[in-house]
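Could you walk me through this model piece by piece?

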Number of protein chains: 2
Amino acid sequence: MATISDVARLAGLSVSTVSRVINNNPHVIPKKRKLIEDAMQQLGYVPRPAARQLRGSSTNTMAVTIPRIVNPFFSYLVDAIERTLDEAGYTTIIVQTFSRPEEELTALKMLRNQQVDGVILCSIENPWSVIQPYLQYGRIVLVNEYLADVPVPIIRANQYQGFYNATEFLLQHGYTKLAYATGRKQVALAENGVNFDSDRFSGFQSALNSIGKVRFNPHWLFTNAHTATDGKLILQKIIASPDKPDAILAGSDEVALGLLEEAQAQGVQIPAQLAVLGVDDQPSSSFLKIPLTTIRQPVDQMGSAAAKAMVAALQDQAVTLPQIFPLEIVKRASV
Amino acid sequence: MATISDVARLAGLSVSTVSRVINNNPHVIPKKRKLIEDAMQQLGYVPRPAARQLRGSSTNTMAVTIPRIVNPFFSYLVDAIERTLDEAGYTTIIVQTFSRPEEELTALKMLRNQQVDGVILCSIENPWSVIQPYLQYGRIVLVNEYLADVPVPIIRANQYQGFYNATEFLLQHGYTKLAYATGRKQVALAENGVNFDSDRFSGFQSALNSIGKVRFNPHWLFTNAHTATDGKLILQKIIASPDKPDAILAGSDEVALGLLEEAQAQGVQIPAQLAVLGVDDQPSSSFLKIPLTTIRQPVDQMGSAAAKAMVAALQDQAVTLPQIFPLEIVKRASV
């Protein structure tokens, strides 16, 4: 596995400078810091926390953060993480963040207080500058959501390609007026490779522009969409609008369920008048009145890989980073 | 609110004897211990943990245990608990037990280590003799599952009456050959009022015997049934058996989903050949190909009541115990 000397050699800097970056010492100029972080990422080097080295003991307990426990994607993700950690002899505690920065800090402070050996973040609620200092107390692994250029193991799906392919799939079926729903407060207008949200939205927009030769109509953007009830409200808004979309990327199977239910209640034909595309492939999605076409996320593999990356990091083993899993379109009746 | 003196007076014993019981001192004869525990329960007296009194501070953090995060009943229950605790200023951490005693101890040890102020148990994996000593370190509240005659707040649904009514409902619809599925390793052959499992099964058996004038056929008992996949396997077993049931209490909507899916795959008519009754009323259950008749549990009210009982106990306020909520049959197409 890579050592601190390997990082120093690749970066062309001294071991002591690398050490200062690892220990979050502010007296490193940004250019050198960038060189070292790049080298660490390239080598898959994850710094061993100083506090842990000194103590020489561990809690055998891990914290996992999820935004919403009632979203089956996250309950299955954390279950897969926990089963793998369990096999490795670790106990898991789960912290629900409700997408709030202060709840994420609850988990990170457990790391600082030596109540857990590591934290696996399934979503990210704070900027990296807030999260990074906690690396001195233990391990951090990112799964599902991620940040670019951070020196921790990242396990995620290829949201850009998945959403590009899904949009292409809708366009190939003759839909051109595409709506977009997301659980976020806003869409991230950034390139592929910046974060989870920008990957999804830029994959969608790229396919729309390059294949469909159309631009996204911002009136067809629906944010803060989490539940089936949110899906019902979106369907009502679509009905009430003068210029209606002919398909919607629902962002989750939960929101898609509400869209389908309300469409039936309102007499909107699925998929003739509106195609609905979910994300997740929940257990019930194949057996709905209108079987749901959806984007399947490899939740078991991602959860297991994240747990294994955490265990490897705690044992100071090199982790190949990042691990990126493909998304898959499951074709049923709603498109 | 009741004081330790009130308990002593009602029990006809000294305050010091009550104190010994509260502090789990073994030098109290069983008969006196019983008198004191009865008096505590009758008065709704919850002992204030000695350790907490001495420290005079709190973590403002609560642990909640659930057996399986991927069972939506528990994810919604813990969500309701957490939302109410959040309003009261408490942070919640969730511990999944996988129905294992040692995982429940993980949460209880957090109480002992002063990492949390209280533990809310949504299922019970250890005998009371193992749980009780932890009462000296903080508060414990039971929700959903319960034990008879224990001196802590209990919030639960009336499983006996709910299952009695559901069985009566099936009998009224002409079904007499009733199968029973449960997530447990065995059914609890005990009277109403002993615990969650015995309440469900005795409610079922009472209605079967007294209204249906039939006895339960033990060949139609299916245990360890948790997931949709388990439901599919049960349907296959039913098809293969020489004497087939005409209805099944599935134990959960998850298992019911698998039964419905596999019935469709195998050409078994629902409800003509087999009626399927779920428990929980999950968001998708009304919109399945065969809309599911199910027993709705008041999950939001129970979760919120449990959180309020915990907060009241931590503030040394009296809690009216136990709080028992009714179950409700939601009539759809699968019966």
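In chain A, strand β1(A) and strand β2 (residues 91–96) run parallel and are joined by 6 bridges. Two strands count as paired if DSSP finds at least two bridges between them. Across this pairing, A:V64 sits opposite A:I94 of β2(A).

Before going further, a word on ground rules. This is a predicted model, where local features need pLDDT of at least 70 and side-chain atom pairs count only at pLDDT 80 or more, while totals for chains, interfaces and linings use all residues; side-chain values use heavy atoms, with hydrogens and water left out. Residues are numbered from 1 along each chain as its sequence is written, and chains are lettered from A and ligands numbered from 1 in the order in which they are written.

Back to β1(A), residues 61–66: 6 of its 6 residues are buried, so the strand is largely enclosed by the rest of the structure. Buried means under 20% relative accessible area, exposed means over 50%, and partly exposed is in between (1.4 Å probe, protein chains only). In a regular strand the side chains alternate between the two faces of the sheet. You can see that here: A:T61, A:A63 and A:T65 point one way, A:M62, A:V64 and A:I66 point the other, and all are buried.

Now hop over to chain B, where strand β1 (residues 61–66) pairs in parallel with β2(B) over 6 bridges.

Next up is another sheet. Chain B has an open sheet of 6 strands in the order β7-β6-β8-β9-β10-β12, with mixed pairing. At its edges stand β7 (221–222) and β12 (328–330) of chain B, each with a single partner strand, so one side of each is left without a neighbour in the sheet. For β7(B), a parallel pairing over 2 bridges ties it to strand β6 (residues 178–181) of chain B, with B:A181 opposite B:F222.

Chain A also has an open sheet of 6 strands, in the order β7-β6-β8-β9-β10-β12 and with mixed pairing. Its edge strands are β7 (221–222) and β12 (328–330) of chain A, each pairing on one side only. Here strand β6 (residues 178–181) of chain A and β7(A) pair in parallel over 2 bridges, and A:A181 has A:F222 as its bridge partner. Helix α9 (residues 196–210) of chain A lies across β6, β8 (247–249) and β9 (275–280) of that chain, running at about 175° to β6(A). Axes are lines fitted to C-alpha atoms, for helices over the stretch in contact, and angles run from 0 to 180 degrees between N-to-C directions; contact means heavy atoms within 4.5 Å.

How do the helices pack in chain B? Helix α8 (residues 159–172) and helix α9 (residues 196–210) of chain B pack at an angle of about 35°, with their axes 7 Å apart. Among the residues that meet there are B:Y160, B:F163 and B:Y164 of α8(B) and B:F196, B:F204 and B:L208 of α9(B). The residues in contact include B:I234, B:L235 and B:I239 of α10(B) and B:V255, B:L257 and B:L259 of α11(B).

Finally, return to chain A for helix α8 (residues 159–172). At 1.5 Å a residue, its 14 residues should span 20 Å, and its end C-alpha atoms are 20 Å apart, which agrees; the expected span is 1.5 Å times one less than the number of residues. Of those 14 residues, 10 are buried, so α8(A) is mostly covered. The buried ones include A:Y160, A:F163 and A:L170. After the helix comes A:G174, whose phi is positive, near 95°.

Definitions and conventions
Helices (H or I, at least four residues) and strands (E, at least two) are DSSP runs, numbered from the N terminus.
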